[in-house]
Amino acid sequence: MTLASLSLVVLASFLHAGWNLLAKRAAHLGALFVFAYNLVAFVAYAPWVIWQLMRGGTAWNLAGIGVIALSGLIHLAYSLCLQRGYREADLSVVYPVARGTGPMLSSLGAILLLGELPSGRALAGLALVVVGIGLIATQGRLAAFRRPGGAAGVQWGAATGGLIASYTVVDAYAVKALGIAPVVLDWCNNLLRFVLLAPIAAADPRRAWAAMRGYRLIALGVGLMSPLAYILVLAALDGGAPLSLVAPMREMSMMVGTLFGMLILGEAAGPWRLAGCAVLIGGVILLSSA
């Protein structure tokens, strides 16, 4: 991986953790907030997309349109699942669990569905991911799972992680195999989400506008940062960086997100969750190298 690709992935990790911090603040708005920041992204990145389309290079065929539609639907499910998770649990639980379970579920799928024989390194990576998630969720106290809603963060984080694994594979195929420009792919995803969520705001525009009072700048920030973070990752892939290296390197955002939750949101992250993030990152790296 070149220094340029490395820099893109590191910057993307910080941007990703930053927009998730903002999304957590508006978690109670649910689908309306997702619609709002998708509207911002749709408008803000339109000039860049138009420029890319004028340059050509994006193949518009049945396969490309189908992959873009599939990617958009997965991203929509991911956005809604993430907002629900942030409404139910702490950022410092949902975020690292979501980022860590993606690689774990991909590996389990290869073992269970494709009959692949796991190596010792892969098994060690799976074990570390499970231990890391346990430390993050319980902070060293297993009784935490017996409290009402104690497992909510893990459940929603794991569901989000499954969607992350899905869209990562689909989008990598779109960029690498079909030659779709990263910014065009992400913008088309936002367009599809905007169309599907528009009825939520259109049903009562005044009420929707009023509900967003105090959160409009947050939606602006997420709408600008979220696409950019993912476009940088796709650009690194498009520049020749292997997915097997890019995927685990992105997970440094887990530690950043946990620190944001602790320092900015005042969540009780503490040493157990930080240690859990470190273990989780180690597990993801082992899985990817295996």
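Biologist: Hi! Where is asparagine 61 found?
Modeller: Asparagine 61 sits in the loop between α3 and α4. Helices here are DSSP runs of H or I with at least four residues, and strands are E runs of at least two, numbered from the N terminus. This is a predicted model, where local features need pLDDT of at least 70 and side-chain atom pairs count only at pLDDT 80 or more, while totals for chains, interfaces and linings use all residues. Residues are numbered from 1 along each chain as its sequence is written, and side-chain values use heavy atoms, with hydrogens and water left out.

Biologist: OK, new topic. At what angle do the axes of α4 and helix α8 cross?
Modeller: Roughly 65°, and the axes of α4 and α8 (residues 182-202) come within 8 Å. Axes are lines fitted to C-alpha atoms, for helices over the stretch in contact, and angles run from 0 to 180 degrees between N-to-C directions.

Biologist: Which residues make the contact?
Modeller: Among them are Ile68, Leu76 and Leu80 of α4, and Leu185, Leu192 and Leu196 of α8. Contact means heavy atoms within 4.5 Å.

Biologist: How many salt bridges does a search of the whole structure find?
Modeller: The search finds 1 salt bridge. A salt bridge needs a side-chain nitrogen of Lys or Arg within 4 Å of a carboxyl oxygen of Asp or Glu.

Biologist: Which side chains meet in a salt bridge?
Modeller: Glutamate 88 and arginine 84, at 2.9 Å, N to O. Both lie in helix α4, 4 residues apart, about one turn of the helix. Glutamate 88 is partly exposed because its relative accessibility is 36%, and arginine 84 is partly exposed at 34%.

Biologist: Last one: how many helices and strands does the chain have?
Modeller: The chain has 13 helices and 0 strands. Buried residues make up 50% of its 290 residues.

Definitions and conventions
Buried < 20%, exposed > 50% of the residue type's maximum accessible area, 1.4 Å probe, protein only.
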